[in-house]
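Biologist: Hi! Could you walk me through this model, a few places at a time?

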Amino acid sequence: GLSIGGISRDRIARLRESEAEAFRKARPKSAAKVGNGLPGFFGGVPMHWMNDWPTPFPILVDSAKGATITDIDGNRLDDFCLGDTGSMFGHSPPPVARAIRRQAGRGLTYMLPSEDALAIGPLLAQRFGLPFWQIATTATDANRFALRVARAITGREKILVFNGCYHGSVDETMVRLVDSRPVNRPGLAGEFRDLTKTAKVIEFNDVVALEAALKDRDVACVIAEPVLTNSCMVLPDRGFHDALRKLTRAAGTLLLIDETHTISTGPGGYTRKFGLQPDLFVLGKPIAGGVPASVWGMSDEVANRYADYNRTKQPGYSGMGTTLSANPLQFAAMRATLEEVMTSENYDRMDRLALRLDAGLTGVIDRYNLPWHVARVGARVEFICAPGPLRNGAEAETAHAPELEAAVHVALVNQGVLIAPFHNMMLISPATTGAQVNRLITAFATVAARLTA
Ligand code: PMP
């Protein structure tokens, strides 16, 4: 069509062009250093996702503190991306920075526990309601290990995911529905296996499809986010999580809840706030305030079955664990995060500001008559350039407007506001101020005015 998200393609292209120009102009030093890529790195970046930002070249960061990032040209950005949740609680939260300093001279990794670990097990159990835990380094790994346990104890090969999901670079979740048919996720590099042989994929909120997919009792585990966050955000229908729990239990299928993004809901995640009852639980990215760490938890029943399994399995490497996992730096940072940063007081504040942001953006969308909407789960807010609410991954995929989103993204950067690059996510941290939220709303209004003038 000639328009995307209610805006003509011409207008989007013009905005993109002028904003790219403004971005470059404000960054002469950065352009000299990274305008042609970072030397020595394949593709000019140390991690290829850095090329996926819609800015003409990556923002070269000098430092970040609280909810502000400063680039080497001295541009200050109100940061609502926050490392795509890795810094959901702000950049270098003071208690975490202190804990890192304290641990810095006491050894960084030794494959043995430190005293902080004594505090963490009970903290996790109390906060998330599952009794037994393991530490990993990325949410990807935590999911991989939890799925391995699920398959081991159920003796079933298959897992089930929701269309549009993302749980990290976990091979077995890389399936999609295309024209309602399960296929390997388009774009996978070097994948020769037909992943649909071991992974079923259905739409989120589709209880009928769920029942049908579990009926053969061959699914070890359903891996799910409480809210589908990684495309355009899809909230669960009323009763969906109840049905998911009832049907998985009835089929002897385990339920893994991945809270890596939805921890924005509250100190115990969506799970605690809405009384979900997962068998396995995963939380990565922000759990150690930005230090790479993740946790995965098991219910009593899963733990017992896994202990039984281990008593009879053939001896040898389990396929789980990585050398740097559960190191003392992770423990120090995680303890500070759990005890001093992920507090109810901080969440109350985050929630209040997120509510204000939601209302402010919705007001702008209404004022300019845009066919867009805002979705929110706690401190995580998204604007979506299509009408809503969205009900499943297929709708979320269709709602995506990459060119338009890219233009808006860069236009916001040029007004001093940074949002997430691939899904218009805006996170409120404990360090985010009301003034920053107001600036974002104003910047969004300015962009809306330009797109509709
Ligand atoms: N689970 C969810 C829900 C995620 O959004 C992500 C990353 N965006 C991951 C897992 C993987 O995290 P990591 O990249 O740290 O392995």
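**Loops and helix pairs**

Modeller: Happy to! P389 is in the loop between β16 (380–384) and α12 (393–399). Helices here are DSSP runs of H or I with at least four residues, strands are runs of E with at least two, and both are numbered from the N terminus. Please keep in mind that this is a predicted model: local features need pLDDT of at least 70, side-chain atom pairs count only at pLDDT 80 or more, and totals for chains, interfaces and linings use all residues. Residue numbers start from 1 along each chain as its sequence is written.

Biologist: Is the peptide bond from G388 to P389 cis or trans?

Modeller: The bond joining G388 to P389 is cis, and its omega is near 0°. For background, most peptide bonds are trans, and most residues other than glycine have a negative phi.

Biologist: Which residues have a positive phi without being glycine, then?

Modeller: D179 is one of them, with phi near 50°. N205 is another, at about 70°.

Biologist: Where is D179, and is D179 buried or exposed?

Modeller: D179 belongs to the loop between β8 (175–178) and β9 (181–184). D179 counts as exposed because it has 6 C-beta neighbours inside 10 Å. The rule, with C-beta atoms placed from the backbone, is that 20 or more other C-beta atoms within 10 Å of a residue's own make it buried, 12 or fewer make it exposed, and anything in between is partly exposed.

Biologist: And N205, buried or exposed?

Modeller: N205 counts as buried, because 22 C-beta neighbours lie inside 10 Å. You'll find N205 in the loop between β10 (199–202) and α6 (207–214).

Biologist: What does R391 touch, leaving out residues up to four places away in sequence?

Modeller: R391 touches N205 and V234, where contact means C-beta atoms, placed from the backbone, within 7 Å of each other. R391 is in the loop between β16 and α12, the loop that holds P389. In space, the C-alpha atoms of R391 and D206 are 9.1 Å apart, although 185 residues separate them in sequence. R391 has 17 C-beta neighbours inside 10 Å and therefore counts as partly exposed.

Biologist: Switching topic: what's around the ligand?

Modeller: There are 14 residues around the ligand, and T138, A139, T140, G168 and T260 come nearest. Here "near" needs a C-beta atom, placed from the backbone, within 6 Å. By class, the shell has 2 nonpolar, 8 polar and 4 charged residues. Nonpolar covers Ala, Val, Leu, Ile, Met, Phe, Trp, Tyr, Cys and Pro; charged covers Asp, Glu, Lys and Arg; the others, Gly among them, are polar.

Biologist: Now helices. How do α11 and α14 pack?

Modeller: Helix α11 (residues 344–367) packs on helix α14 (residues 434–452) at about 15°, and their axes are 10 Å apart. Axes are lines fitted to C-alpha atoms, for helices over the stretch in contact, and angles run from 0 to 180 degrees between N-to-C directions. α11 and α14 are therefore roughly parallel; that label applies under 35 degrees, with over 145 being roughly antiparallel, 65 to 115 roughly perpendicular and the rest oblique. On the α11 side, L353, R356, L357, G360, L361 and V364 meet G434, V437, L440, I441, F444, A445 and A448 of α14. That contact has 10 nonpolar, 2 polar and 1 charged residues.

Biologist: What about α4 and α10, at what angle do they cross?

Modeller: Helix α4 (residues 115–128) and helix α10 (residues 328–341) cross at roughly 45°, with axes that come within 9 Å. α4 and α10 are therefore oblique to each other. From α4, the contact uses D116, A117, A119, I120, L123 and R127, and from α10 it uses P328, F331, A332, M334, R335 and L338. By class, the contact of α4 with α10 has 9 nonpolar, no polar and 3 charged residues.

Key: Contact = placed C-beta atoms within 7 Å.
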